[in-house]
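Please keep the sequence and the structure in view while reading.

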Amino acid sequence: MNQREQWWLITDAGRGWAGGRGAACAAHRREVEATFTDGHAYRVDGPFDPDRSVWPQGPHLWMDADHIRLAIFLTRPTLREIAAVHTGKARFGWTEQGINGFLLFQYGDSPWNDAPFNPQRLTEPFTLQPAPRGTHTRVSTFLVHADTGRTAAMRMFTWPAYFLNHIITSVHRLAAQPYTEAAARSAHQDFYNRYPDGSSLYRLACSLPPEALCLGGQRDDRPLAGTGPRPEPA
């Protein structure tokens, strides 16, 4: 996760976490649960990556055998945006759109957003393994200042096995599909044309099957009534 790695910017700067700011991207790197392999620990107001201080704005998703991380990079995040990540109720969904997958998420009263993920763009094979039913997998979320690389908020959730396994099954399907760079970019743009903002992503989340939705920290390893999105604000 350094400046020499390839970052895939898949949309324009008009789409992002809040107020239409930022672009989404996807990348991959093997790491341990809460510490970089060089011993760097995550801390609020500390560097997200000690070797990097500037990031593209928007959500970024890493999934590998060691750790799942969702980082949201924003320039000058507001106190409300920080509080949403730090204390807000977390909702997650997964959707498979053509040859691409997208993690949908919402923290507190922030807009729904998405982080794309395609296993055919990884520098190493996708090795995340299914979890035994009844267990939970830890997922870390970070809100990071895009212009300084410092962590504004961080939080660890768990995903129930049914949701993780749904994602893994989907990712393996994506890995087996014919792939070209041009087709992937075209499919991404089509997704953003159909779901350009938080309201449209909310409607998409409402249409997902129960196994494609969960709450952060959900105890039961089964889809729950009410796990899906709350009613859209007026």
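What does the accessible surface of the protein chain come to, and what share of it belongs to carbon and sulfur atoms? In this predicted model, the accessible surface is about 10300 Å², and carbon and sulfur atoms hold 52% of that area. Of the 234 residues in the protein chain, 52% are buried.

**Overall organisation**

- The protein chain contains 4 helices and 10 strands.
- Along the sequence, these elements of the protein chain follow the pattern β-β-β-β-α-β-β-β-β-β-α-α-α-β.
- Among contacts in the protein chain with a separation of 6 or more, 68% are between residues 24 or more positions apart.

**The sheet**

- An open sheet is formed by 4 strands in the order β7-β6-β5-β10, with antiparallel pairing.
- At its edges lie β7 (113–117) and β10 (213–215), each of which pairs on one side only.
- On average, neighbouring strands of this sheet are turned by 20 degrees against each other, direction ignored.
- Strand β5 (residues 90–97) and strand β6 (residues 100–107) run antiparallel and are joined by 8 bridges.
- Within this pairing, Phe 105 in β6 is the bridge partner of Phe 92.

**Helices on the sheet**

- Helix α2 (residues 161–176) packs on the sheet and touches β5, β6, β7 and β10; the direction of α2 makes about 25 degrees with that of β5.
- Helix α3 (residues 181–194) also packs on the sheet, where it touches β5, β6 and β7; the direction of α3 makes about 35 degrees with that of β6.
- At 1.5 Å a residue, the 16 residues of α2 should span 22 Å, and this agrees with the 23 Å between its end C-alpha atoms.
- The buried residues of α2 include Ala 161, Phe 163, Leu 164, Ile 167, Ile 168, Val 171 and Leu 174.

- Strand β7 is mostly covered, since 5 of its 5 residues are buried.
- Asn 113, Ala 115 and Phe 117 point one way from β7, while Asp 114 and Pro 116 point the other way; all are buried.
- The antiparallel strands β6 and β7 are joined by 5 bridges, and Phe 105 stands opposite Asn 113 in β7.
- The hairpin of β6 and β7 has 5 residues between the strands, and in this hairpin Gly 108 takes a positive phi near 60 degrees.

**Aromatic pairs**

- The count of aromatic pairs comes to 18.
- One of them is the stacked pair of Trp 55 and Phe 73, at 4.6 Å centre to centre and with 15 degrees between the planes.
- This pair links distant parts of the chain: Trp 55 lies in the loop between β2 (25–26) and β3 (58–63), and Phe 73, 18 residues apart from it, lies in strand β4 (residues 68–74).
- Trp 55 and Phe 73 are both buried.
- Phe 92 and Tyr 107 have ring centres 5.9 Å apart and planes at 85 degrees; planes over 60 degrees apart count as edge-to-face, and the pair is therefore edge-to-face.
- Phe 92 in strand β5 and Tyr 107 in strand β6 are 15 residues apart, so this pair too links distant parts of the chain.
- Phe 92 is buried, with a relative accessible area of 1%, and Tyr 107 is buried with a value of 0%.
- Ring pairs also link Tyr 42, Phe 48, Trp 55, Trp 62, Phe 73 and Phe 142 into a cluster.

Methods:
Residues numbered from 1 in each chain as written. Predicted model: local features only at pLDDT ≥ 70, side-chain atom pairs only at ≥ 80, totals over all residues. Heavy atoms only, no water. Pairing = 2+ DSSP bridges. Helix = DSSP H or I, 4+ residues; strand = E, 2+ residues; numbered from the N terminus. Axes fitted to C-alpha atoms, helices over the stretch in contact; angles between N-to-C directions. Contact = heavy atoms within 4.5 Å. Buried < 20%, exposed > 50% of the residue type's maximum accessible area, 1.4 Å probe, protein only. Areas by Shrake-Rupley, 256 points an atom, 1.4 Å probe, with all protein chains shown as cover. Expected span 1.5 Å × (residues − 1). Phe/Tyr/Trp six-rings, centres within 6.5 Å; stacked < 30°, edge-to-face > 60°.
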